[in-house]
Amino acid sequence: MDFLSIKFFLFFFSSIVVIYLSPVRYRIRVAFPVLNAFFILTYINAPSQLWPLVVFLAAGFAGVRLVETWANRGIFLTALSVILITFVYLKKYTFISFAHFIQWPYLSVGLSYILFRMVQMLIDVYQKSIQERISPVSFFNFCCNFLTFVSGPIQRYQDYKIQEASLGQKALKDTEAFDCFVRMIHGLFKVVILSTMCLNYHKYLIVSLQGSIVNASSLWLCRKFILASSFYTLYLFFNFSGYMDIVISFGRLLGFQLPENFNRPFASRSFLELWSRWHITLADWFKFYVFNPFLSLLAFRWPNREAVPYLGVLAYFLTFFIMGLWHGSSWMFLIYGLFLGAGVSVNKLFDVLMRKYFSVSYNKMIDHSLSGLLGAAFTFMYFSMGLSCFWLDFNGLAQLMGKFKIQGFLVIFVLGGLIGAVVMFLMGLVRDVFDRALVKSAVLLGNFYFVRAWLSFELLMVIAFWFYGFGEIPDFVYKGF
Amino acid sequence: MKNIFRQAGIILGLLGLWYLFFLFLTYLFYPDSGVVDDNQAHRGYTFTKSIYPDGGSSVDLGVWLSKNAPHRIIIIGSSNAQGGIRPTVLQTLLPDFAIYNGAIGGSNVTQLREILDVVRMSSPQSMKGTIFVAGIFYGTFFNDNVSGQHVLWKNKDLTIFQSDGLRYGLYKPKDNKLELTLEPHLMPWAVRLLRPFLFWHCIFVDVRSHYVDFWDSFHSMTGMHEGMQGEELKQSVLAQWKVSLGDIKGFAQAQQMNSFLELCQEIIQSGASLVIVDLPVPQWVREKSAYYKKYILNRPLYINGIKNIPRVRYIDLGTSLPGRPDSDFSDSVHPTKEAAEMWSKTIADFVVSQRRYLGF
Amino acid sequence: MDTKLGIKTRLNRVFREVFDDDSIEIFDEMTAKDIPEWDSLMHIILVVAVEKEFIVRLNAAQVGQLKNVGEMLDLLEKHNNR
């Protein structure tokens, strides 16, 4: 079911009625799983399309149950392997292209996020962080919660259980309900209007790039590539964060306090900092369940204090490489993984060397307005260059590599970063003016009717633009991951 | 739960008030009067300003068709027909005709057929009094599955025309064609109810074209719009055409020519008449474009075919206006305003001279 | 079995060794913000050192979710009392 359809909004308001009106004892055990199942069924045209998901969930639940019963290393590793192999097979990863894949169309939306949930459950059950016996209904509700089914945010089972208990229980105040609608409509504005505009301009630029790549000068192509990649990043941000706004506000209306996935990511002054602000729950999951264990293993193996920072660099590289791979099954995502891994590990290595030879950390260095601005601009540029793996295919990348060579990409990085710094500086000035205007308008902004009239006008714009952009409004990007 | 629905109710109620406000506003400033479609002012029947600078409004066409007119001229083709064949110029020489420019940027033969299908479905009885003026050129004869075009005008496997028809729910898809969801006489009423959204639609189109103009100026200023000059620019333009038209092997083949011939026959069989206008292109394109040369080579396939079809007339505008300079064109295919006036006058003169053969 | 004070003393020593700073004095509300070098990397190094000192094995959830030194002390006390 498309989040931008009338069907979804009708479904959602119906689910509010169902949840709040259903008796408490049936709410979590009957009403919620029925809603979750119904949501999944809207994605399929035939029952056969559901089998792979059912098998995947069954494998996960069986693994969790086995580990609950016999918490030994062998069973845990076997269960984990089965889940991972099933996932890789269902996602049809390129590096197992020799395998006999399922030929009929099947539902693969949400599999990546279900993987995170199942692996987290398995690890925490094995390590006894989850003491309770997980029922099939709880397992299904957690893995297939319709709010987070498509693309998160990624929650831990323990956090989910705390909130599940408050499903439909919390009596929302008028102001709280209104705040949810404010966020929802802002989210719609981002997805329908802002992300569409950014994507359209990005598409216009890549057509221009495609047609000119043979004859145009390298500098001209560099500038086009900088713009194309920057607008793709903006499109991705508005699209993803807009959907998160919609999902999180819906969750709040139902009583769920879903975690945030974005925190002003373009204010990040380093590539490492970016991952504490962009797709936060994904980065946290990888920190908990990949980076931390891997680094612990390395630190145990090589307890030499001098080696520790370099072990950290290695751990960062591996963690982000795997994160990049998770995004897709083609070779381009292998390149994306390498790009992410290189970015964080070089960032960390730079920090390590700065501390060692100059006794100043990277964070200290970028703690000034100018260096911070440059840090943010170059972080944005590097991230945008990496994201070109999402919109370029292998041939396109090869063509650009042939044209630019390594030095061309360095020019793109430097030029893009400098241009980005100027743009961010100007935007900062605009934001200051806007903030001052907001302060002066405090009385108006506090007026009950004005605020609601403005919000409904915003909603009208969203609906009008939805009609205007029919066929062009992008789907939720992360649904494809 | 009560608070949730109360807040939702307040917001939706205020939304309703905004809707009524804009509905009132559109009637205040844009009374419901039909205006002749003219590319200059780009006026359409759904509103006083056309929604689409590239043409392609099935809604607009649907409303225009719902109005009675004994004789009609419907212009079909690509953006060079949209900009180059001016209804107001035709109107002065053909005052007894209602004229509509339904050309859509980036059209191929399939797109031309889309317009015919909607006209046939919406007002079959008026086909006998209709002349289709098809403004074609070499760029009309590309395959439906060309990926370069896919980026430009196909979104989610829909053409611009289809998107527009489905956009407001006034049409529904049936067998890869558009079918009205309402009775034709209800179209104007449906459009009246949609006025607030059409109003904003026009504003978004204007903003978009100013936005595009701004970026074009920005690119020009910063030297990004044309990284090359002269011969280099021409080669780059030809390369872009290659992306738009696809592999030359599959271009302007007998298949596309026959498809166009079938379209001509369908138009005639439906009761209408047809004027085919072969629109000119710059001299340098004629000399350098392999696609143009292939089209010229295979063009006799349909020209010979139409000789046997009644009520079809053909004019090669390039031959009718010999020796015109390349400055008649603002780029590799689109005419300047002055050239468009000249083209339109020539076409209008031709239609007047051929009225007898066209059944008028 | 070690007392809470004993655990705190040993933990303080671990902090000083890991961060190479003899002036560190831990307190319950202490977080990563109080020591500039305490980032994700050093957090794991600290945890490994704590595990070695107290002969415990902390699981992924415990490692990731410790909010302050006070919680770490509580966890160590719990393990100590087993």
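Buried means under 20% relative accessible area, exposed means over 50%, and partly exposed lies in between (1.4 Å probe, protein chains only). Keep these cut-offs in mind for the tour.

This is a predicted model, where local features need pLDDT of at least 70, side-chain atom pairs count only at pLDDT 80 or more, and totals for chains, interfaces and linings use all residues. Residues are numbered from 1 along each chain as its sequence is written, chains are lettered from A and ligands numbered from 1 in the order in which they are written, and side-chain values use heavy atoms, with hydrogens and water left out.

**Stop 1: chain A**

Select chain A. Of its 481 residues, 56% count as buried. Colour by secondary structure: chain A has 18 helices and zero strands. Helices (H or I, at least four residues) and strands (E, at least two) are DSSP runs, numbered from the N terminus. The C-alpha atoms fill a box of roughly 65 × 65 × 50 Å along the principal axes.

Now pick A:G152 and A:P153. The peptide bond between them is cis, with omega near 10°. Most peptide bonds are trans. A:P153 sits in the loop between α6 (136-143) and α7 (157-164) of chain A.

**Stop 2: chain B**

Go to B:M1, in the segment before α1 (2-29) of chain B. B:M1 is partly exposed, because its relative accessibility is 29%. How far apart are B:M1 and B:V237 in space, C-alpha to C-alpha? They are 60 Å apart, and 236 residues apart in sequence.

Next, select B:A252, in the loop between α9 (230-245) and α10 (254-269) of chain B. Its phi is near 45°, a positive value in a residue other than glycine. Most residues other than glycine have a negative phi. Is B:A252 buried or exposed? B:A252 is buried, at 0% relative accessibility.

**Stop 3: chain C**

Select C:I55, in the loop between α2 and α3 (60-65) of chain C. C:I55 has a positive phi too, near 50°. C:I55 is exposed, because its relative accessible area is 75%.

End at C:E37, in the loop between α1 (4-19) and α2 (40-54) of chain C. C:E37 is partly exposed, at 35%.
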